[in-house]
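Please keep the sequence and the structure in view while reading.

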Amino acid sequence: MAEKRTVAFHTLGCKLNFSETSTLSRLLENEGFEKREFEEEADVYVINTCSVTDNADKECRHLVRRIQRKAPESLVVITGCYAQLKPREIAEIPGVDLVLGAAEKFNIAHHIRELAKGDSAKICSCDIETITGFNASYSLNDRTRTFLKVQDGCDYNCSFCTIPMARGKSRSDSVANVLRNVEELKGSDVKEIVLTGVNLGDFGKGPDGNKRHEEDFLDLIRELDKVEHIDRYRISSIEPNLLTNEIVEFVANSRRFMPHFHIPLQSGSNHILGLMRRRYKRELYAERVNLIKTLMPHCAIGVDVIVGFPGESNDHFKETFDFLHALDVTYLHVFTYSERDNTKALEIDPVVPVNIRNERNKTLRNLSYMKMQYFTQLHAGQTRKVLFERHEKNGMMEGYSDNYIKVTMPYRADHANQVVDCRL
């Protein structure tokens, strides 16, 4: 019998990428491939790239060099957002054999069968405008929770963002199909599902991006809440203008959706929000936070914010700092603005010097740390439900409460991958 070919994966970037890598892995395992760790030798290496991180190019080159040193005869496949945006640039990296754009990612098995080492790098990509169809994906066996992709692409054209160019127009699964995928997870020991997408609140446009008015994100979460075999759901990230009062009210009364929202803000200055082409003003954001906290005082709220966007003066940054300082949010994900080819932000002046961008990042990260400390202290002594990870680290285990407070305690095998009442 022929020896099984082996494959190893590495994921850069977001939860959506993790869900897709896991699905690509299952596709290849179904084709007879044996999965290996990325540090081990394998016949094929697949790198799923991201375009949001600053140094996608650098990370990609570094990983390919590592593979070349370790296993020069192995095939190297690059896919993901960066592969869609810069296919030729990637194809020129020594050692890369195949570049798969957004439309071809899920045909990976077919492409690998036709590939031989030593051919010049093959690019299978297409114009992003022509992409249709939705490929459901979810991560499995990687964590105690699974990331379930229900939406892809984006119709918003924020001036700093390349995601619409990398993933195409907004498309989504049907409610019925999402429920089928959740049913597939039955018996997999998954305790928590994190719903992911590029613009999650835009769910309901169907696989080809044609708006279907009979299904929306609220319909989806209502149906998921009825599924008995999943303990917990989280909403990974949702735009403030798409986070309706009805969604907030539903989560407040839900049995299974966790009191935890992640809501991108990007700037606390209305002037900068306008330059960014965001679809709301800071007043709407504050309204959303106030409603959540009125209905769920214990709810965790995470915030994405970008510092150093072109045109951001000291006064604009102070507006952002003061707005966030006063806002009852839990933690911040702070991104330092970095230039992206073919984005409108490149036309905006003045450019903020990199050292000032970095200072502003540090200022907001300090604020985030203080807010998280405050939130944690607020709940000290309470008993909340904590889902513990399987992993043991130096005799300790970690988990997250329903409202996203990290809990560390001495390892207990009977708590691994279980939801446990825990005194914070």
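Is R113 buried or exposed? R113 is exposed, because its relative accessible area is 53%; buried means under 20% relative accessible area, exposed over 50%, and partly exposed in between (1.4 Å probe, protein chains only).

## Basis of the model

This is a predicted model, in which local features need pLDDT of at least 70 and side-chain atom pairs count only at pLDDT 80 or more, while totals for chains, interfaces and linings use all residues. Residues are numbered from 1 along each chain as its sequence is written, and side-chain values use heavy atoms, with hydrogens and water left out.

## Salt bridges between separate parts of the chain

A search of the whole structure finds 34 salt bridges, a salt bridge being a side-chain nitrogen of Lys or Arg within 4 Å of a carboxyl oxygen of Asp or Glu. One of them joins the side chains of R113 and E31, with 2.7 Å from N to O. This pair links distant parts of the chain, 82 residues apart: R113 belongs to helix α5 (residues 108-113), and E31 to the loop between α1 (15-30) and β2 (34-36). Helices (H or I, at least four residues) and strands (E, at least two) are DSSP runs, numbered from the N terminus. E31 counts as partly exposed because its relative accessibility is 45%.

A salt bridge also connects the side chains of E39 and R66, at 3.7 Å from N to O. E39 is in the loop between β2 and β3 (44-49) and R66 is in helix α2 (residues 56-70), so the pair ties together parts that are 27 residues apart in sequence. E39 is exposed at 55% relative accessibility, whereas R66 is partly exposed at 26%.

## A buried pair and a network

In the salt bridge of R145 and E192, the side chains meet at 2.9 Å, N to O. R145 lies in strand β8 (residues 145-149) and E192 in strand β11 (residues 192-196), so this pair ties together parts 47 residues apart in sequence. Both R145 and E192 are buried.

Salt bridges also form a network that links E20, K105, K149, D152, R167 and R171.

## The surroundings of M165

M165 is placed in helix α6 (residues 163-167). M165 is partly exposed, because its relative accessible area is 28%. Leaving aside residues up to four places away in sequence, M165 touches Q84, L85, I128, D341, N342 and T343, where contact means heavy atoms within 4.5 Å. The C-alpha atoms of M165 and K318 are separated by 32 Å, and these residues are 153 residues apart along the chain.
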